Amino acid sequence: VHGVAGRGGRPTLLRGLMVDVSRHRLAEERLQASEARKSAILEGALDCIITIDHRGDVVDFNPAAEHAFGYRRADVIGRQMVDLIVPPAHRDAHRRGMVRHLETGEARMLGRRVEMTALRAGGAEFPVELTITRVAGSGPPVFTAFLRDITERRHAEAEQRGTLSVLSATLESTADGILVVDPGGRIVSLNRRFAAMWRIPQETLESRDDDRAIAFVLSQLKD
């Protein structure tokens, strides 16, 4: 708005230009709402979420990542992700993979779920499940990694293998023939003594065809 002097003693006039900014304001409100949703997801996610730019510098580090890796978000922003959470033995391979992707577009890791070893702030290594995605945009590429600490799962798997090993040893050491079948008629386990007693052919055992093995045993009962 600006003033315009009147002519012939007339009062000064005000001349102004009005611009409709409702669309601009609506776009800003939508952007703010989108950022709020993004922040809520990052803050509440149980998995570690780490975002890096095309240089490999950390641009986002959620609370779950802080807890898992032992870093504060403020201390990692702008630093090279590979130097923070990748074990030294794997850093060169990570850097080569990043360069290869930026130069050729080749994506060996993107979109895949893989298990690998990560590094805590104190230097301890631990197993993680990892998925990496490239964030769509017109500027330089940005990548987001979703990581899950699978230490407890690995421990549970190791305990299960130990239990199965003991069970297998027990089954094989007994003088009795043992066959375990589930309610669906599938063979859960059988020992060598059972196979010998019923003269089940080795090829039938190796085929892991439950119906074929059970049919062979039942045929001998009929005989």
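Helix 5 supplies 7 residues to the lining of the largest pocket, the most of any element. The model is predicted, so local features require pLDDT of at least 70 and side-chain atom pairs pLDDT 80 or more, while totals for chains, interfaces and linings use all residues. Residues are numbered from 1 along each chain as its sequence is written, and side-chain values use heavy atoms, without hydrogens or water.

## Exercise 1: the chain as a whole

Task: give the helices and strands, the buried share, the contact pattern and the accessible surface of the chain.

Solution. 

Step 1. The chain contains 9 helices and 9 strands. These are DSSP runs numbered from the N terminus (helices: H or I, at least four residues; strands: E, at least two).

Step 2. Of the 223 residues in the chain, 24% are buried. Buried means under 20% relative accessible area, exposed over 50%, and partly exposed in between (1.4 Å probe, protein chains only).

Step 3. Among contacts (heavy atoms within 4.5 Å) with a separation of 6 or more, 28% join residues 24 or more positions apart.

Step 4. The accessible surface is about 15,900 Å², and carbon and sulfur atoms hold 53% of it. Areas come from the Shrake-Rupley method with a 1.4 Å probe; for residues, only the protein chains shown count as cover.

## Exercise 2: the largest pocket

Task: describe the volume and the lining of the largest pocket.

Solution. 

Step 1. The largest pocket holds about 740 Å³ of space. Its lining has 29 residues, and A93, H94, M109, L130 and I132 are the closest to its centre. Two or more lining residues come from each of strand 3 (48-52), helix 4 (81-85), helix 5 (88-104), strand 5 (113-119), strand 6 (125-135) and strand 7 (142-149).

Step 2. The terms rest on a 1 Å grid over the protein atoms alone: a pocket is an open set of points where a 1.4 Å probe fits, with protein on both sides within 12 Å along at least five of seven lines, and lining residues have an atom within 4 Å of a point. Grid points are joined across faces, edges and corners, and the volume is the space filled by probe spheres set on them.

Step 3. By residue class, the lining splits into 19 nonpolar, 6 polar and 4 charged residues. Here Ala, Val, Leu, Ile, Met, Phe, Trp, Tyr, Cys and Pro are nonpolar, Asp, Glu, Lys and Arg are charged, and the others, Gly among them, are polar.

## Exercise 3: the second largest pocket

Task: do likewise for the second largest pocket.

Solution. 

Step 1. The space in the second largest pocket is about 390 Å³. It is lined by 16 residues, of which I187, L190, L205, E206 and R208 are the closest to its centre.

Step 2. Strand 9 (187-190), helix 7 (192-197), helix 8 (202-207) and helix 9 (210-222) each give at least two residues to this lining.

Step 3. The lining comprises 6 nonpolar, 4 polar and 6 charged residues.

## Exercise 4: the nonpolar core

Task: find the residues with the most partners in the largest nonpolar core, then list the contacts of L147.

Solution. 

Step 1. The core has 25 residues, and I50, V58, F61, F69 and L147 touch the most other members. At least two core residues come from each of strand 3, strand 4 (58-61), helix 2 (63-69), helix 4, strand 5, strand 6 and strand 7. Such a core is a set of buried Ala, Val, Leu, Ile, Met, Phe, Trp, Tyr and Cys residues joined through side-chain atoms within 4.5 Å.

Step 2. Beyond neighbours within four places in sequence, L147 contacts D47, C48, I50, F69, V128, E129 and L130.
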